[in-house]
Amino acid sequence: MGNTHERTVGLLKSGLIAALYVVITVALIPWSFGPVQLRLAEMLNNLAVFNKRYIWALTLGCLIANLWSSLGAVDVIFGSLGTLMMTGVSYLLSRYTESVPRKLVISVISCTVLTWSVALEMFFVSHIPFWATYLSVAIGELISMIIGAVAFWLISLRIDLTK
């Protein structure tokens with residue numbers, strides 16, 4: 001009985017995070033898409049260092065949110081794969097430390113550096129200059145990730161986010 005309960009709770013947590021990602025992204029559409037973006041939902045990417053279930057939750061949330069993208073199916077597919085890559089790398093690299101602040105620093109750096117995938121997608125689809133787009137998207141990602149890292153570090157002092 002406990003195993004079924006734990007799976008149900010895990011699925012519920014994943015669904016809530018996916019939904020939260022979608023709601024934040026869609027509520028802030030003018031800032032969530034384009035070559036200059038501050039997608040605040042990206043702050044949730046920090047959750048991947050606590051539990052690998054959030055890798056899939058965030059990827060699903062990104063996939064659904066990207067249905068509103070002007071880049072269409074390309075962004076749904078490649079944007080979601082970018083989130084899968086970012087959160088997967090963060091999770092894998094953070095396994096080498098027990099320190100929550102270090103895990104969050106790894107997440108912030110990984111996700112910010114890996115925004116090249118967003119810039120590459122925009123370069124090929126919209127013919128927007130790669131390096132300028134990479135810089136602007138990375139700055140937005142860095143801001144979102146730092147906000148999330150601070151928030152989740154404070155939350156982790158009271159709540160075990162690994163469960």
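Of the 163 residues in the protein, 48% are buried, where buried means under 20% relative accessible area, exposed over 50% and partly exposed in between, with a 1.4 Å probe and protein chains only. The model is predicted, so local features need pLDDT of at least 70 and side-chain atom pairs count only at pLDDT 80 or more, while totals for chains, interfaces and linings use all residues. Residues are numbered from 1 along each chain as its sequence is written, and side-chain values use heavy atoms, without hydrogens and water.

The protein contains 7 helices and 0 strands; these elements are DSSP runs numbered from the N terminus, with helices being H or I of at least four residues and strands E of at least two.

The overall dimensions come next. The C-alpha atoms occupy a box of roughly 50 × 30 × 25 Å along the principal axes. The radius of gyration is 15 Å, which agrees with the value near 15 Å for a compact globule of 163 residues; this radius is taken over C-alpha atoms, and the globule rule is 2.2 Å times the number of residues to the power 0.38.

Contacts, defined as heavy atoms within 4.5 Å, also describe the fold. Among those between residues at least 6 apart in sequence, 69% join residues at least 24 apart.

Serine 144 lies in helix α7, residues 130-156, and it counts as buried because its relative accessibility is 0%. Apart from neighbours within four places in sequence, serine 144 is in contact with Leu38, Arg39, Leu40, Glu42 and Met43.
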